[in-house]
Amino acid sequence: MQKKRGYSLADHIAKFIAEKNTPAVFQLSGGMIAFMIDAIARLGKTPIINVRHEQAAGFAAEGSARISRIPGFAMATSGPGATNLLTSIASCYFDSIPVVYITGQVNQKELRKNPNQRQNGFQELDICNMSRSITKKVYNPKSAPEVLNAINEGWSLCQEGRQGPVLIDIPINLQQEQIESDFPLISVSTIKSTIPLNELSEFKDLLFSAKHPLLLIGGGVRLSNATELLSKFISKTGIPYVSTLLGLDSVSQENDNYLGFIGSYGNRWANAAVQQSDLLIAIGSRLDVRQTGNDVSKFVAGKRIIRVDIDEHELSGRISSDLAIKSDASTFLEAALAIEYKCDSSLFVSRIREIERSYPQELEQQSNLILNPTVIMRYLSSLFLESSGYIVDVGQHQMWAAQSIRLKKGQRFLTSGGLGSMGFALPASIGAAVANPSGWVAILGDGCLQLSAAELQTITQYKLPIAVCVINNGQHGMVAQFQEENMDGRLTGTREGFSNPNFQELAKAHGFKKVARISTKEELEELRCLVKNPIDEPIFLEFIVDSQAKALPKMSGNRE
Ligand SMILES: Cc1ncc(C[n+]2csc(CCOP(=O)(O)OP(=O)(O)O)c2C)c(N)n1
Ligand SMILES: [Mg+2]
């Protein structure tokens with residue numbers, strides 16, 4: 001006989017999630033989370049995407065949040081399910097992405113009473129303490145009202161100020177607790193900040209006294225929804241601009257004043273632009289070591305620096321500035337747009353273009369490569385002109401993509417920035433494609449594919465329009481490059497003792513119908529016949545690149 005069903009806390013959370021229009025809940029099942037998932041399924045309003053590893057659930061929720069601008073939801077069971085989420089939680093924390101992680105926990109009766117006891121319940125684990133340092137807040141509710149508060153507050157908190165993940169750990173008995181169906185819903189407080197007048201006038205003074213101002217754009221611009229404001233500011237002022245890894249899709253790349261991608265592996269000419277500027281205005285960028293290089297004194301030499309960041313702790317971080325403005329990018333740009341200013345940057349820009357012509361990206365590689373990674377990336381940009389964007393993993397291929405993919409207006413570029421976690425691209429592209437079912441291109445190395453290959457099945461199961469592009473150089477190239485430079489060429493575990501399966505057969509086994517292997521320029525050109533625009537089905541493309549291809553240029557003195 002069917003048990004009569006009331007309205008449980010799990011039902012409440014399912015309703016809450018549905019009302020927030022989140023594109024999907026990403027999960028892998030387990031007893032302690034099964035009531036939650038069952039409630040969402042019974043309500044039938046939010047798609048449930050079943051992935052193959054909880055880490056993938058977290059990365060997919062991150063991809064979904066980045067694309068939809070609605071916080072993502074990832075769920076896992078207690079114990080190993082919860083620990084498998086940790087890498088993705090850290091990724092959201094460092095890259096400021098709002099995701100609500102919900103873990104099931106054992107029945108409160110089974111929880112250990114004494115912290116010195118290792119474990120009491122089966123799969124009991126203190127995920128709250130483990131995730132405290134990589135979340136904005138963890139919630140460890142002990143009663144139904146505390147669960148209600150956690151979901152309300154957690155939802156708001158992950159989006160407020162500097163965004164980031166929260167984790168709510170809910171014991172299985174609380175999930176089933178019956179509650180009234182009327183519950184309070186609170187909305188996100190939108191505290192509008194302003195820029196103090198003295199800071200604005202200091203900004204103006206620095207700007208007017210500069211000869212070669214340059215904007216350095218980070219991921220914060222997109223996070224504060226300020227891409228249009230930035231475009232206006234750039235066309236009004238004529239200030240040239242460069243981008244960080246996470247800023248690549250915050251800027252228009254189709255503008256003469258765009259001077260490229262900076263950083264340890266940045267375009268040579270973009271780093272030259274930073275070096276030759278006398279006023280650097282960094283907006284929404286942490287100026288971390290991958291952007292500035294190890295030698296901070298070289299980065300700051302000969303210039304004034306203005307930093308705009310929502311997080312005061314970043315402003316007092318590694319790079320000090322002449323003017324630090326604690327503000328989100330959109331508030332700052334709105335205020336800055338009121339300033340009447342126009343610079344003539346034509347000489348500066350033409351000097352930088354001259355460097356670009358002398359040191360083009362393609363020629364950073366040795367000339368005997370059959371497939372130059374820059375040529376591949378440029379080709380992909382033209383092949384996937386109509387795609388919604390690129391989701392890129394971690395390694396040499398990531399840097400090749402950042403250096404050479406040309407983004408059209410509105411195209412996105414997602415990658416694991418602060419954490420730099422291999423295995424990001426496939427699941428994040430699943431999240432992106434669920435949030436916006438238009439065509440996406442996932443670019444990943446052969447090593448990264450092996451961390452996430454099971455998600456190929458998720459892609460075909462849900463028929464997601466993703467072109468999976470594997471850059472196969474038969475190695476963990478980024479680390480091999482580091483070993484070549486620092487370990488007399490001993491390639492332990494990266495080229496030596498490393499192997500790949502037959503990726504073509506692997507993709508077919510996972511149900512990919514369109515599969516191709518490209519090892520020459522001619523085969524690259526023939527791809528146009530295989531690929532339909534826009535991408536409307538799973539495609540698997542493998543590009544063979546010589547192990548001698550390097551991520552270059554590279555600032556000296558940097559780690560891998
Ligand atoms: C989870 C994780 N483990 C290890 C690393 C260190 N790491 C950075 S890049 C890289 C190699 C990536 O190999 P592959 O996907 O083949 O990319 P390639 O560098 O060859 O383009 C490794 C092992 C990492 N970033 N993330
Ligand atoms: Mg590789």
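Which helix does S156 lie in? I found S156 in helix α6, residues 144–157.

**Ground rules**

I am working on a predicted model, where local features need pLDDT of at least 70, side-chain atom pairs count only at pLDDT 80 or more, and totals for chains, interfaces and linings use all residues. Residues are numbered from 1 along each chain as its sequence is written, chains are lettered from A and ligands numbered from 1 in the order in which they are written, and side-chain values use heavy atoms, with hydrogens and water left out. Helices (H or I, at least four residues) and strands (E, at least two) are DSSP runs, numbered from the N terminus.

**Entry: S156**

I checked burial for S156. S156 counts as buried because its relative accessibility is 5%. Buried is under 20% relative accessible area, exposed is over 50%, and partly exposed is in between, using a 1.4 Å probe and protein chains only. I then followed the side chain of S156 to the backbone oxygen of N152, at 3.2 Å. A polar contact is a pair of N or O atoms within 3.5 Å; within protein, one must be able to donate a hydrogen and the other to accept it, and residues adjacent in sequence count only if both atoms are side-chain atoms.

**Entry: helix α10**

I looked up α10, residues 227–237. Its buried residues are T227, L229, L230, F233, I234 and T237. Seen down the axis, these buried residues fall within an arc of 155 degrees, so they line one face of α10. The arc is taken from the directions from the helix axis to the C-beta atoms. K232 and S235 are exposed on the other side of α10.

What do the buried residues of α10 pack against? I listed α8 (197–208), β7 (213–217), α9 (220–223), β8 (241–243) and α15 (329–336). Contact here means heavy atoms within 4.5 Å.

I checked both ends of α10 for backbone angles. G238 follows α10 and has a positive phi, near 70 degrees. N225 sits in the loop between α9 and α10. Phi of N225 is near 60 degrees, a positive value in a residue other than glycine. N225 counts as exposed, because its relative accessibility is 52%.

**Entry: helix α11**

I moved on to α11, residues 268–276. W269, A270, N271, A272, A273 and V274 are its buried residues. They pack against β7, β8, β9 (258–261), β10 (279–283), α13 (296–300) and α16 (346–358).

**Entry: ligand 1**

How many residues surround ligand 1? I counted 18, and the closest are Q396, D446, G447, C448 and G477. A residue is near a molecule if one of its heavy atoms lies within 4 Å of it. The shell divides into six nonpolar, ten polar and two charged residues. Ala, Val, Leu, Ile, Met, Phe, Trp, Tyr, Cys and Pro count as nonpolar, Asp, Glu, Lys and Arg as charged, and the others, Gly among them, as polar.

A backbone N or O atom of Q396 is 2.8 Å from an oxygen atom of ligand 1. For M422, a backbone N or O atom is 3.2 Å from a nitrogen atom of ligand 1. The side chain of N473 has an N or O atom 3.0 Å from an oxygen atom of ligand 1. Taken alone, ligand 1 exposes 580 Å², and the protein buries 80% of that. These areas come from the Shrake-Rupley method with a 1.4 Å probe; for residues, only the protein chains shown count as cover.

The elements giving two or more residues to the shell are α18 (396–404), α20 (446–452) and α22 (477–486). The largest share, four residues, comes from α20.

**Entry: N372**

I placed N372 in the loop between α16 and α17 (373–383). N372 counts as buried because its relative accessibility is 12%. Its side chain reaches the backbone oxygen of E362 at 2.9 Å. The backbone nitrogen of T374 lies 2.8 Å from a polar atom of the N372 side chain.

**Entry: F424**

Is F424 buried or exposed? I read 0% relative accessibility, so F424 counts as buried. F424 lies in the loop between β14 (412–415) and α19 (425–435). Not counting residues up to four places away in sequence, its contacts include F59, E62 and I391.

**Entry: cis peptides**

I found a cis peptide bond joining N533 and P534, with omega about -15 degrees. The bond from L552 to P553 is cis too, with omega near 0 degrees.
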